[in-house]
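Please look over the sequence and the structure shown below. The paragraphs after it go through the structure part by part.

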Amino acid sequence: MSAGGGTKAIIAALVANAGIAAAKFVGFLITGSSSMLAESVHSVADTSNQGLLLLGQKTARRKATLNHPFGFGRDRYFYSFIVALMLFSLGSVFALYEGIHKLESHEELSSPIVAVIILVVAIGLETYSFRTAIVESKAIKGDATWWQFIRQSKVPELPVVLLEDAGALFGLVLALMGVGLSTLTGDPVWDAIGTICIGVLLGVIAVILIVEMKSLLIGEGASPAELDVIVDELAAGKVQRVIHIRTQYIGPDEMLVAAKIALNPGLPIDEVAAAIDAAEQRVRNKVPSARLIYLEPDLDRSLTAQS
């Protein structure tokens, strides 16, 4: 999978969520709907989240320093992790609190038609944002399923935007159902139930993102397919075999490869250096993200022991 940042999808989500948040707050002030309030806070959180993702992309481009010799690529993972935490705290927890409060207070809705109109418009804007994220993601996900893309992608922004937009769309539908059923039945409990469902939905999405972003932040290695390619390319030329290898993504588009390789015995030092350079070039040609490669030459002691 390519490590494109999905900036277009982030900006589309930022613009859509900012407009939706303003409209929802107006709708809440007019109707008093807890579903509208929960969705308003959700949209504000989403708007802030897109800003954090853009900030992460900017700070990740800083040059390496003595204190950070491998650069700042993991900033994108860090800010994506913060986004997941914000989605949980500002989105899920607030919606659950507001829904439970409304369930106890039984406050009536006023001008529900305003809420319905705003929610329908918001669904249209969110659909545009979601479609943009899907188009951006399709360009890099390859043959993987959507779930595999979310679990395996080393690009943090696109899975975050995809799940946020999906959660926003389902949340809007739940809010619309809550307001609609409350209007049809005259019972505001449906609005409260819709709000609680929004909180649960956002909580599930936030937990998935927290788990995935934490894994990236700690450091993930190459995928099995990438690792096979790297090993095959290393074990060629004057390299007999790869004795052991470690890989780790230190940013969405930068992988560290460290390996001990067995070379043909008796090679002079200049040929050892040439063999290492050739092995590094073969790997970079097939796996461009493998930018940092450190190879330690050795003898294949298993063959020595057998002889």
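Val239 has Leu263 as its bridge partner in strand β2, and Tyr249 stands opposite Met255, again in β2. Helices (H or I, at least four residues) and strands (E, at least two) are taken here as DSSP runs, numbered from the N terminus. The strands β1 and β2 (residues 254–263) run antiparallel and are joined by 10 bridges; two strands count as paired if DSSP finds at least two bridges between them. With 2 residues between them, β1 and β2 form a hairpin. Strands of a sheet pair through backbone hydrogen bonds, either parallel or antiparallel.

This is a predicted model, in which local features need pLDDT of at least 70 and side-chain atom pairs count only at pLDDT 80 or more, while totals for chains, interfaces and linings use all residues. Residues are numbered from 1 along each chain as its sequence is written, and side-chain values use heavy atoms, with hydrogens and water left out.

The hairpin belongs to what sheet? It is an open sheet of 3 strands in the order β1-β2-β3, with mixed pairing. The edges are taken by β1 and β3 (292–298), each of which has a single partner strand, so one side of each is left without a neighbour in the sheet. On average, neighbouring strands of this sheet are turned by 15° against each other, direction ignored. Helix α8 packs on the sheet and touches β1, β2 and β3, and its direction makes about 140° with that of β1. Contact means heavy atoms within 4.5 Å. Axes are lines fitted to C-alpha atoms, for helices over the stretch in contact, and angles run from 0 to 180 degrees between N-to-C directions.

The next topic is charged side chains. Side chains of opposite charge can pair when their charged atoms come close. How many salt bridges does a search of the whole structure find? The search finds 11, where a salt bridge is a side-chain nitrogen of Lys or Arg within 4 Å of a carboxyl oxygen of Asp or Glu.

One of these salt bridges joins the side chains of Arg76 and Glu157, at 2.8 Å from N to O. Arg76 lies in helix α3 (residues 75–105) and Glu157 in helix α6 (residues 157–185), so this pair ties together parts that are 81 residues apart in sequence. Arg76 counts as buried at 9% relative accessibility, and Glu157 counts as buried at 1%. Buried means under 20% relative accessible area, exposed over 50%, and partly exposed in between (1.4 Å probe, protein chains only).

Helix α3 also holds Lys102, whose partner Asp191 lies in helix α7 (residues 189–218), so the pair ties together parts that are 89 residues apart in sequence. The side chains of Lys102 and Asp191 meet in a salt bridge of 3.3 Å, N to O. Lys102 is buried at 2% relative accessibility, and Asp191 is buried with a relative accessible area of 0%.

Glu271 and Lys238 form a salt bridge through their side chains, at 2.9 Å from N to O. Glu271 lies in helix α9 (residues 269–286) and Lys238 in the loop between α8 (224–234) and β1 (239–251), so the pair ties together parts that are 33 residues apart in sequence. Glu271 is partly exposed at 29% relative accessibility, and Lys238 is partly exposed at 35%. Lys260, Glu296 and Asp298 are linked in a network of salt bridges.

Leu103, Val173, Met177, Leu181, Leu184, Trp190 and Ile193 make a nonpolar surface patch of about 610 Å². Patches are made of residues with over 30% relative accessible area and no salt bridge; like charges are joined within 9 Å, and nonpolar side chains (Val, Leu, Ile, Met, Phe, Trp, Tyr) within 5 Å. Accessible areas come from the Shrake-Rupley method with a 1.4 Å probe, and for residues only the protein chains shown count as cover. The largest share of the nonpolar patch, 4 residues, comes from α6, and α6 and α7 each supply at least two of its residues. Leu103 has its place in helix α3 and counts as partly exposed at 33% relative accessibility.

The last stop is Ala21, in helix α1 (residues 7–31). Is Ala21 buried or exposed? Ala21 counts as buried, at 6% relative accessibility. Leaving out residues up to four places away in sequence, Ala21 touches Ser40, Ser43 and Val44. Ala21 and Arg74 are 53 residues apart in sequence and 30 Å apart in space, C-alpha to C-alpha.
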